[in-house]
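Colleague: I have not looked at this one before. Can you walk me through it?
Modeller: Here it is, and then we can go piece by piece.

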Amino acid sequence: MMRASQLVVCEHCDAVHERRDLGPRGRALCVRCGAELYRGGHRDLHTMLALTLASLIVFVIANVYPIITLELQGVASRSTLWGAIRATWDTGVGPVAVLAALTVFFFPLAQIVLFGYVLAELLRGRAPRGFIDIMHALRLMRPWSMVEVFMLGTLVSVVKIAGLASVTPQIGIFAFGVLTILLTTINSFDLRLLWEAREHLAAGGAAAGASA
Amino acid sequence: MRIRTAAGLGLLPCDACGLVCRALPPGAPALCCPRCEAPLHRRKPDSVRRTWAFLIAAMLLYIPANALPIMQTATLIYDENDTILGGVRVLWRGGSWDLAIIVFVASICVPLLKMVALVVLLVTSRRHSTWRQTGRARLYRLVEFVGQWSMLDVFVVALLVALVNFQSVAEVRAGPGLIAFGAVVVLTMLASMSFDPRLIWDEPEPPKCP
């Protein structure tokens, strides 16, 4: 099969476009259906790696510290994310607890770790191991990583309880807020850039091997 | 302005990594993307059938998701079983009308919108209709974007269950409706992921000569 570089095909309507250079804030839209094709001015890999490391730290903080504290008639109650998942499991709606654990804990964590690994290896000029499988996993996990929805959920539940007991926000809730922003940035990174970076690496390696 | 399609030019873009390859003639066996090893398809395989399957399952489960309670509150004074709509009413009466609207939109409007939109997309693409194709393309993008937000109520209940655990004074438990509701969210997301939006634009194949 021949490869056609410099061509971009709209995922939503099959229309073929020629790739053009865009300014830092440019967005290319499909001429037929209006879907976004690609953006200009992507953050470089170093910045993304820094953001990914930051996300890992924030993720740990968000899960170790409780989200909020409740106080009712002198008795205090507090919970972390994992505590909420365990409590949901204990109530008897097991599948829901599994769904929450996957979408707010496992998938975001996997995204952070795998993305960080690929970036680190590419920046060191090495081919990441299991690159293809990792890239497919990253792509598939994107729609199932729901930290932003969880963030809104904590706000709604805080308001719901506020009438019943006195509520104090804890470090966890602020950490989740920061994590939401960081993960949104990570998830909007165009994965195709990583495929191209890997290709450049392979091309560079082949050239070096040929000249050696 | 003439639009050139990949299919018309004999090109095959990879869904997974975006690489554009030249397609082999229709008789040749299906191949994989040289860069990312994902199978290459002109259109998502069995898109219409899979989308209908997920959609019908979601519509069936939507009934218990709304009819059964998703949250059970027990205090010293009363026992309350809340369905999704009941929870919205509690928020509204309690004065947080903005949150009531958010929960109403996320848990009732959004799943309904997704189901209706997908039915419209499926029916119009089966008939190869050219009615408002750009509008339908935008509708699909909206469905894709909005998909996760219906999970809102699931997280709200999970947190309340964990926090309101004062056995003697007040206790919140999750209700059976929550499992059905979680399933509806997952199924509608799977349905919209199965639908190939390129079907909106595909023209019917010309009839073959006998």
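Modeller: This is a predicted model. To start, strands S3 (residues 27-29) and S4 (residues 36-39) of chain A run antiparallel and are joined by three bridges.

Colleague: Which residue stands opposite Glu36(A)?
Modeller: That is Leu29(A), with Glu36(A) sitting in S4(A).

Colleague: And how many residues lie between S3(A) and S4(A)?
Modeller: Six, and the two strands form a hairpin. Gly34(A), in the turn, has a positive phi of about 85°.

Colleague: What about S5(A) and S6(A), in which sense do they pair?
Modeller: The sense is antiparallel, over five bridges. Leu72(A) is opposite Val75(A), a residue of S6(A). S5(A) and S6(A) make a hairpin too, with two residues between the strands. There, Gln73(A) takes a positive phi near 50°.

Colleague: Changing topic to the two chains. How many residues of chain A are in contact with chain B?
Modeller: On chain A, 63 residues are in contact with 69 residues of chain B.

Colleague: What area is buried between chain A and chain B?
Modeller: About 5900 Å², and carbon and sulfur atoms give 76% of that. The size of an interface is often given this way, as the accessible area lost when the parts come together.

Colleague: How many salt bridges are there between chain A and chain B?
Modeller: The count is three. One of them pairs Asp14(A) with Arg43(B), where the closest N and O atoms are 3.2 Å apart. Across the interface of the two chains there are also twelve residue pairs in polar contact.

Colleague: Which element gives the largest share of the side of chain A that touches chain B?
Modeller: H5(A), with eleven residues. Other elements that give two or more residues to that side include strand S1 (7-9), helix H3 (94-123) and helix H7 (192-211) of chain A.

Colleague: How does that side of chain A split by class?
Modeller: The side touching chain B has 37 nonpolar, 14 polar and twelve charged residues.

Colleague: Last topic, rings. How many aromatic pairs are there over all chains?
Modeller: The count comes to nine. One pair is Tyr140(B) and Phe195(B), with ring centres 5.7 Å apart and planes at 50°, so the pair is tilted.

Colleague: Where do Tyr140(B) and Phe195(B) sit in the chain?
Modeller: Tyr140(B) is in helix H5 (residues 133-146) of chain B, and Phe195(B) is in the segment after helix H7 (177-194) of chain B.

How values were computed:
Residues numbered from 1 in each chain as written. Chains lettered and ligands numbered in written order. Predicted model: local features only at pLDDT ≥ 70, side-chain atom pairs only at ≥ 80, totals over all residues. Heavy atoms only, no water. Contact = heavy atoms within 4.5 Å. Buried area = accessible area lost by both parts, 1.4 Å probe. Salt bridge = Lys/Arg side-chain N within 4 Å of Asp/Glu carboxyl O. Polar contact = N/O pair within 3.5 Å; in protein donor to acceptor, adjacent residues only side chain to side chain. Helix = DSSP H or I, 4+ residues; strand = E, 2+ residues; numbered from the N terminus. Nonpolar A, V, L, I, M, F, W, Y, C, P; charged D, E, K, R; others polar. Pairing = 2+ DSSP bridges. Phe/Tyr/Trp six-rings, centres within 6.5 Å; stacked < 30°, edge-to-face > 60°.
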